[in-house]
Amino acid sequence: MGILGLAKLIADIAPNAIKEQELKHYFGRKIAIDASMCLYQFLIAVRSEGAQLTSVDGETTSHLMGMFYRTIRLVEQGIKPVYVFDGKPPNLKGGELAKRAEKRDEAQKLLQAAEEAGNAEDIEKFNRRLVKVTKEHADEAKQLLKLMGIPYIDAPCEAEAQCAAMVKAGKVFATATEDMDALTFGCNILLRRLTFSEARKMPVQEFHQDKVLEGLELSHDEFIDLCIMLGCDYTNSIKGVGPKRAIELIKTHRTLEKIIENLDTKKFPIPEDWNYKQARLLFQEPEVTDPETIDLKWIEPDEENLVKYLCGDKQFNEERVRNGAKKLHKARNTSTQGRLDTFFKVLPNSTPTKRKIEETKGTTKKTKKNTGKPRGRPK
């Protein structure tokens, strides 16, 4: 689910936090991609067209086809993708998962009624609601990525949290996902639409967390409390409090504790046994693998085993698979030109003070005077 209404709130109040870029802008960048989000997109996109792609045994292969061709397109653009898969969900997410299961059960009943009535529009709508990414889907995608030479990571818990940790540590440039809670986990740069921008001819949306906080006039902890009020996966939200009221409340009181103390609970009832503190802690201290222990390697694709894996029972076209492997090989061996900014290490909070600038100028002048050498082309 992510954070309800957060993208629109940022667009309305902090529009400078969002940039629109073409896919080619990310040439040479390492991008952590929310794998489950991608698999869901593949499954739902094909299903909405009327049927899933399947193996000879009737098992779905839509997710493999989507992962194969989309990853090739990203690599051809000079992007270095690393896919991050969800681990076990936190206990607090159990309620949200139960709600999703109930909605799927309801959608199944409504789908049956729509099929009996012959209502094509409703059939498509309820089919979409039944899509679920399974462990088997994820395991097959991991095997595919391994054969393609693309790294992947199994997060101990939430994929978005692991992606955010990798961005903060400088292991990757940004997180690519449609879930806005990557920002809540502290991700510096969030990319939406990256994985389907080329196919849909849409620009990538680039969200910068520092600009988000600056535009909303909030600290990161205050931003987390705002996200909990908007609605997240870990707890219920306050009934009747929408995005506009939520931002007003957090700016006035600065913490959920103070909001609760001052809120008219008859008009805006607080959820019973509201576990917002545990939800807050999950965003502040998520369970992640230390990024420093992660070694990312993009290697040559294994063409023969790709053919063996995708063709035959999975019914992929051998010629297309071989062409895809050759594209991966070519992109890997021709995209050797690096981005200029990767040659320099940017230190955080390194904006020079006025005094430091003056001291630097003084040192420069003294150096010129002592050397007496004219400025020339560096060797």
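A disulfide is counted here when a pair of cysteine sulfur atoms lies within 2.5 Å. In this predicted model, the sulfur of Cys163 is 7.6 Å from the closest cysteine sulfur, that of Cys187, and therefore too far away for a bond. Cys163 is itself buried, at 0% relative accessibility, and Cys157 is also buried, with a relative accessible area of 8%. The structure as a whole holds 0 disulfides.

As for the overall fold, the chain comprises 17 helices and 7 strands, and buried residues make up 44% of its 379 residues. The chain exposes about 21600 Å², of which carbon and sulfur atoms supply 48%.

The structure also holds 6 aromatic pairs. One of them is the tilted pair of Tyr26 and Phe173, with 6.3 Å from centre to centre and 50 degrees between the planes. This pair links distant parts of the chain, since Tyr26 lies in the loop between strand 1 (18-21) and strand 2 (30-34), whereas Phe173 lies in the loop between helix 7 (159-168) and strand 5 (174-176), 147 residues apart. Tyr26 is buried, with a relative accessible area of 0%, and the charged end of Arg29 sits over the ring of Phe173, 3.9 Å from its centre.

Elsewhere, ring pairs link Phe185, Tyr234 and Phe283 into a cluster, and the charged end of Lys314 sits over the ring of Tyr309, 4.5 Å from its centre.

Technical notes:
Residues are numbered from 1 along each chain as its sequence is written. This is a predicted model: local features need pLDDT of at least 70, side-chain atom pairs count only at pLDDT 80 or more; totals for chains, interfaces and linings use all residues. Side-chain values use heavy atoms; hydrogens and water are left out. Helices (H or I, at least four residues) and strands (E, at least two) are DSSP runs, numbered from the N terminus. Buried means under 20% relative accessible area, exposed over 50%, partly exposed in between (1.4 Å probe, protein chains only). Accessible areas come from the Shrake-Rupley method with a 1.4 Å probe; for residues, only the protein chains shown count as cover. Rings of Phe, Tyr and Trp (its six-membered ring) pair if their centres lie within 6.5 Å; planes under 30 degrees apart count as stacked, over 60 as edge-to-face and the rest as tilted. A charge sits over a ring if NZ of Lys or CZ of Arg is within 6 Å of the ring centre and within 35 degrees of the ring normal.
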